[in-house]
Amino acid sequence: MAEEQAQTEVKQQEDSEEQVVTPWVAHAGEGQTGIDYEKLIRQFGSQRIDGDMMQRIESVTGQKPHHFLRRGIFFSHRDLAGTLDAYSSNKPFYLYTGRGPSSESMHLGHLIPFMFTKYLQDVFDVPLVVQMTDDEKFLWKDLTVEEAHRLAFENAKDIIACGFDIEKTFIFSDIDYLSTEPSFYKNILRAQKCVTVNQAKGIFGFQDSDCIGKISFPAVQAVPSFSTTFPKIFGESKDVQCLIPCAIDQDPYFRMTRDIAPRLGFHKPAIIHSSFFPALQGPQSKMSASDPTSSIFLTDTMDQIKNKINKYAFSGGRDTKEEHEEFGGNTELDISYQYLTFFLEDDEKLTHIKKEYESGRMLTGELKKELISVLQALVSKHQERRKKVTDDIVKTFMSYRPLTFRAAE
Ligand code: TYM
């Protein structure tokens with residue numbers, strides 16, 4: 001009965017006419033062409049990454065910002081200036097991100113925060129912790145504990161294939177790490193004591209019918225933001241700051257974390273948010289593993305990629321060739337064009353495609369062909385790298401050990 005009621009409530013959020021963005025549901029408002037990210041910034045109270053911030057990033061890193069920044073894909077933040085200040089004054093900081101292992105394979109959308117995290121690790125030369133929330137996925141999905149735990153290791157291979165530095169990266173399954181490091185559980189307890197059920201309901205929309213595991217879970221996702229959760233890596237110091245790259249759906253967890261951090265004597269973690277890699281069906285919702293027709297998976301064959309794009313990728317083109325040539329295509333709506341903004345790195349080529357498509361000189365079929373070749377190259381390279389990730393490599397990334405770390409000067 002409780003299960004049925006919980007499903008009805010998720011269904012109500014899914015069906016809502018209003019825009020809804022939570023860690024579990026993301027869709028645009030009725031009649032909107034896509035998610036309204038300005039509205040989210042206002043609603044969540046984060047900051048837009050503006051021109052000044054871009055310049056600051058460029059001057060601190062000494063290089064042109066990543067194309068995810070230049071194109072507004074990472075568009076919002078909290079306290080990013082604090083992280084840049086720490087870096088400029090040689091104070092240590094670390095990166096924290098994660099994955100909820102709910103499916104055998106990750107999809108292209110999941111790559112976005114991991115590709116960006118890899119860029120951040122490279123430019124700042126900092127340690128990274130990656131949380132695999134097998135506990136979360138057991139609580140939320142129809143999975144056994146054993147299966148969720150197994151998927152954490154499978155997904156870790158995709159994450160490792162993104163190219164993280166083995167000397168500087170610790171990937172952990174919650175189930176394993178909880179039974180390894182008492183400081184993890186101690187910080188979870190501290191966090192749990194700071195948040196009431198009422199507050200958790202307000203932040204996450206929990207209902208009385210939800211199991212108690214869900215209500216206490218946010219503390220588990222919160223505490224990797226605190227350096228003392230990893231004493232082997234950071235010692236007992238509370239003074240190591242944390243930056244969290246993620247899509248904006250994870251923000252509720254970190255709003256809660258930032259709220260409790262000062263009460264526990266920790267720095268508030270800084271956050272950098274990406275927009276969503278949209279579903280094949282259009283920019284009104286995000287690519288999601290729970291709807292396989294919305295997604296291109298990292299395990300898809302080259303033919304599957306081609307067929308999915310040809311069959312499902314929503315077109316911003318006109319109904320007939322004549323109309324298209326007269327009025328041009330709509331790149332805001334066109335999924336193939338939108339996907340290219342994420343994965344075609346060449347700025348000039350992208351600008352050219354936009355011009356050609358909007359003028360009607362380029363047809364939907366040609367645009368799809370461009371995208372198919374970009375994605376086939378991306379996914380096949382990923383698959384090659386993943387094949388080279390042996391069990392021993394996974395074991396090393398996932399063993400709790402000291403990491404190379406630039407200590408405070
Ligand atoms: P999960 O597994 O749902 O997603 C993993 C990461 O991918 C992002 N993401 C997307 N980004 C762009 N476009 C999409 N369509 C898309 N779908 C998902 C998510 O925002 C996330 O960054 N509870 C988390 C796991 C987690 C975590 C963290 C994530 C634990 N600690 C710290 C980020 C930071 C989850 O289930 O993520």
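Reader: How many of the residues of strand β5 are buried?

Author: This is a predicted model, where local features need pLDDT of at least 70 and side-chain atom pairs count only at pLDDT 80 or more, while totals for chains, interfaces and linings use all residues. Residues are numbered from 1 along each chain as its sequence is written, and side-chain values use heavy atoms, with hydrogens and water left out. Buried means under 20% relative accessible area, exposed over 50%, and partly exposed in between, with a 1.4 Å probe and protein chains only. Strand β5 covers residues 93-99 and is mostly covered, its buried residues numbering 6 of 7.

Reader: Which strand pairs with β5 over 5 bridges?

Author: Strands (E, at least two residues) and helices (H or I, at least four) are DSSP runs, numbered from the N terminus. Two strands pair if DSSP finds at least two bridges between them. β5 is joined to β8 (residues 241-247) by 3 parallel bridges, and there Y94 has C242 as its bridge partner. L95 has its partner, L128, in β6. The parallel pairing over 5 bridges is with residues 128-132, strand β6.

Reader: Which strands stand at the edges of the sheet?

Author: The sheet is open, has 7 strands and shows mixed pairing. Its order is β3-β4-β9-β8-β5-β6-β7. An edge strand has a single partner, so one side of it is left without a neighbour in the sheet. Those strands are β3 (47-48) and β7 (169-173).

Reader: What is the bridge partner of H77 in β9?

Author: Strand β4 spans residues 74-78 and β9 spans residues 270-274. The two run antiparallel, joined by 4 bridges. In β9, H77 is partnered by I272.

Reader: How many disulfides does the model have?

Author: A disulfide is a covalent bond between the sulfur atoms of two cysteines. The rule here asks for a pair of cysteine sulfur atoms within 2.5 Å. By that rule the count is 0.

Reader: Which helix gives the most to the lining of the largest cavity?

Author: On a 1 Å grid over the protein atoms alone, a cavity is a set of points where a 1.4 Å probe fits but cannot get out; a pocket is an open set with protein on both sides within 12 Å along at least five of seven lines, and lining residues have an atom within 4 Å of a point. Grid points are joined across faces, edges and corners, and a volume is the space filled by probe spheres set on the points. The structure holds 3 cavities of 30 Å³ or more, and the largest has about 70 Å³ of space. α5 (80-88) and α6 (108-124) each supply at least two lining residues, but the top contributor, with 3, is α6.

Reader: How many nonpolar residues are in the lining of the largest cavity?

Author: Ala, Val, Leu, Ile, Met, Phe, Trp, Tyr, Cys and Pro count as nonpolar, Asp, Glu, Lys and Arg as charged, and the others, Gly among them, as polar. The lining includes F116, L120, F124 and I272. It has no polar and no charged residues; the nonpolar count is 9.

Reader: What is the volume of the second largest cavity?

Author: Its lining includes S225, K238, C242 and H267. By class, there are 5 nonpolar, 4 polar and 2 charged residues. The volume of this second largest cavity is about 40 Å³.

Reader: Which element gives the largest share of the lining of the second largest pocket?

Author: This pocket holds about 650 Å³ of space. Its lining has 23 residues, with I35, Y37, S275, E332 and Q338 nearest the centre. β11 (282-286), α18 (335-343) and α19 (347-359) each give two or more residues. The largest share, 4 residues, is from α18.

Reader: Which domains each give at least three residues to that lining?

Author: The lining of the second largest pocket has 11 nonpolar, 8 polar and 4 charged residues. Domain bounds come from an automatic or database domain assignment. The domains that each give at least three residues are domain 1 (2-279) and domain 2 (287-387).

Reader: Is Y400 buried or exposed?

Author: Y400 lies in the segment after α21 (391-397). Its C-alpha atom is 21 Å from that of D239, 161 residues apart along the chain. The relative accessible area of Y400 is 13%, so this residue is buried.
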